[in-house]
Amino acid sequence: MAKLRHKIIADFLLVLHVLWIVLLIGGTVFMIYNRWYVPYHLVIVSGTLLFNLFLGGCPLTWWEIKYRKLWDPNTDYHENSFAATYARKIFGINMTPHQATWALILIKITSYYISVLVLTKII
């Protein structure tokens, strides 16, 4: 029963993580057409960037790995990288965690930059 609970928690964290990514990326597009959303999006992007900067990664990834390994110790989580793991599992794209990290940094900084441009009414 405990194993099933660990799987359910890991799956919940996966869904939560995907929703956060959709909010981050989709929010970038959404705020261009809905200016009222810009301050909220800046909080989301800033928080994400600060987590990465000060914690060195995403707590959702760490928690998911923890519960996946409790569920199945042989879980293949590509060098503790959410992006690298699911890029391979879902899209068949093999990337190193280093490549995934830089891709995510680029996405987050671009989202932040667009937020600032929209906030200052340049876009």
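**View 1. Leu49 in helix α2.** Leu49 is a residue of helix α2, which spans residues 38–55; helices here are DSSP runs (H or I, at least four residues), numbered from the N terminus. The model is predicted, with local features requiring pLDDT of at least 70 and side-chain atom pairs pLDDT 80 or more, while totals for chains, interfaces and linings use all residues. Residues are numbered from 1 along each chain as its sequence is written, and side-chain values use heavy atoms, with hydrogens and water left out. With a relative accessible area of 23%, Leu49 is partly exposed, a class lying between buried (under 20%) and exposed (over 50%), for a 1.4 Å probe and protein chains only. Not counting residues up to four places away in sequence, Leu49 touches Lys108, Ile109 and Tyr112, where contact means heavy atoms within 4.5 Å. The C-alpha atoms of Leu49 and Thr85 are separated by 20 Å.

**View 2. The packing of α2 against α5.** The two helices pack at an angle of about 150°, with their axes 10 Å apart; axes are lines fitted to C-alpha atoms over the stretch in contact, and angles run from 0 to 180 degrees between N-to-C directions. α2 and α5 are therefore roughly antiparallel, the term for angles over 145 degrees. From α2, residues including His41, Leu42, Thr48 and Asn52 meet α5 residues, among them Ser111, Tyr112, Ser115 and Leu119. The residues of this contact divide into nine nonpolar, six polar and one charged; Ala, Val, Leu, Ile, Met, Phe, Trp, Tyr, Cys and Pro count as nonpolar, Asp, Glu, Lys and Arg as charged, and the others, Gly among them, as polar. Leaving aside neighbours within four places in sequence, Leu42 is in contact with Tyr112, Ser115, Val116 and Leu119.

**View 3. The largest nonpolar core.** Nine residues form this core: Leu24, Met31, Tyr37, Val38, Leu42, Ile44, Val45, Ile114 and Val118. Such a core is a set of buried Ala, Val, Leu, Ile, Met, Phe, Trp, Tyr and Cys residues joined through side-chain atoms within 4.5 Å. Two or more residues come from each of α1 (2–33), α2 and α5 (97–119). The largest share, four residues, belongs to α2.

**View 4. Helix α4 and its cover.** In α4 (residues 82–91), the buried residues are Phe82, Ala83, Ala84, Thr85, Tyr86 and Ala87. Their cover includes α1, α3 (59–71) and α5. Gly92 follows α4 and has a positive phi, near 70°.

Methods
Parallel < 35°, antiparallel > 145°, perpendicular 65-115°, else oblique.
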